[in-house]
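Subject: Structure handover

Hello,

Here is the structure we spoke about. My notes follow below it.

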Amino acid sequence: MSAVHELLQMYREKIDAEVHVGPWLTVDQERIDGFARVTGDLQWIHTDPERARRDSPYGATVAHGFLTLSLLPFLTESFAPGAFERNYPGMRLRVNYGLDRLRFPAPLVVGSRIRARSTVIGAEEIHGGAQIVYRITVEIEGDAKPACVADQLFRLYP
């Protein structure tokens with residue numbers, strides 16, 4: 001059996017199973033401000049704590065949705081030492097192929113702690129490799145709604 005077929009068999013057995021829960025991360029104002037500078041999104045609801053305390057329905061600044069999205073590599077620990085070899089035996093290359101679905105159901109208020117939960121929702125053969133699809137849910141500690149839900153596609157090649 002080829003490495004691709006072995007990988008697909010392994011992942012098809014995991015469909016609908018949670019395969020990873022990442023570390024907690026506190027999202028502070030410094031991180032929000034840095035993201036605002038890099039992206040040019042300096043809207044007061046993200047960068048002006050005094051005005052946000054006074055005028056925002058959240059009583060504080062909130063992180064950009066795309067900041068939350070950009071934290072997925074850290075939150076999923078996808079680049080932790082040995083993670084690639086453990087998760088994708090027989091593969092030499094993983095390509096981020098993008099997202100099929102992305103939502104930001106709840107605001108991420110400054111000072112909140114978040115972590116990602118990853119569930120396999122698809123595994124299929126593609127030309128020369130395999131595609132694995134994860135539903136990644138970024139939960140906010142103590143909040144019923146998540147900050148982000150994304151279906152992320154990875155393509156793997158032997």
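I start with the second largest pocket, where β3 gives the most to the lining, with 4 residues. This is a predicted model, in which local features need pLDDT of at least 70 and side-chain atom pairs count only at pLDDT 80 or more, while totals for chains, interfaces and linings use all residues. Residues are numbered from 1 along each chain as its sequence is written, and side-chain values use heavy atoms, with hydrogens and water left out.

Some terms first. Helices (H or I, at least four residues) and strands (E, at least two) are DSSP runs, numbered from the N terminus. On a 1 Å grid over the protein atoms alone, a pocket is an open set of points where a 1.4 Å probe fits, with protein on both sides within 12 Å along at least five of seven lines; lining residues have an atom within 4 Å of a point. A volume is the space filled by probe spheres set on the points, which are joined across faces, edges and corners.

The second largest pocket holds about 160 Å³ of space. α6, β3 (93-103) and β6 each supply at least two residues of its lining. Among the lining residues are L69, P73, R94, N96 and F154. By class, this lining has 6 nonpolar, 5 polar and 1 charged (Ala, Val, Leu, Ile, Met, Phe, Trp, Tyr, Cys and Pro count as nonpolar, Asp, Glu, Lys and Arg as charged, the others, Gly among them, as polar).

The largest pocket has a volume of about 320 Å³. Of its 20 lining residues, H20, T76, N87, Y88 and Y134 are the closest to the centre. α7 provides the largest share of this lining, 4 residues. The classes here are 10 nonpolar, 6 polar and 4 charged.

Next, the core. Y11 touches N87, Y88, V120, A123, I132 and Y134, leaving aside residues up to four places away in sequence; contact means heavy atoms within 4.5 Å.

Last, α2. Its buried residues (under 20% relative accessible area, 1.4 Å probe, protein chains only) are Q29, I32, G34, F35 and A36. They pack against α3 (44-47), α4 (49-55) and α5. Just after α2, G40 takes a positive phi of about 80°.

Regards

Conventions: Buried < 20%, exposed > 50% of the residue type's maximum accessible area, 1.4 Å probe, protein only.
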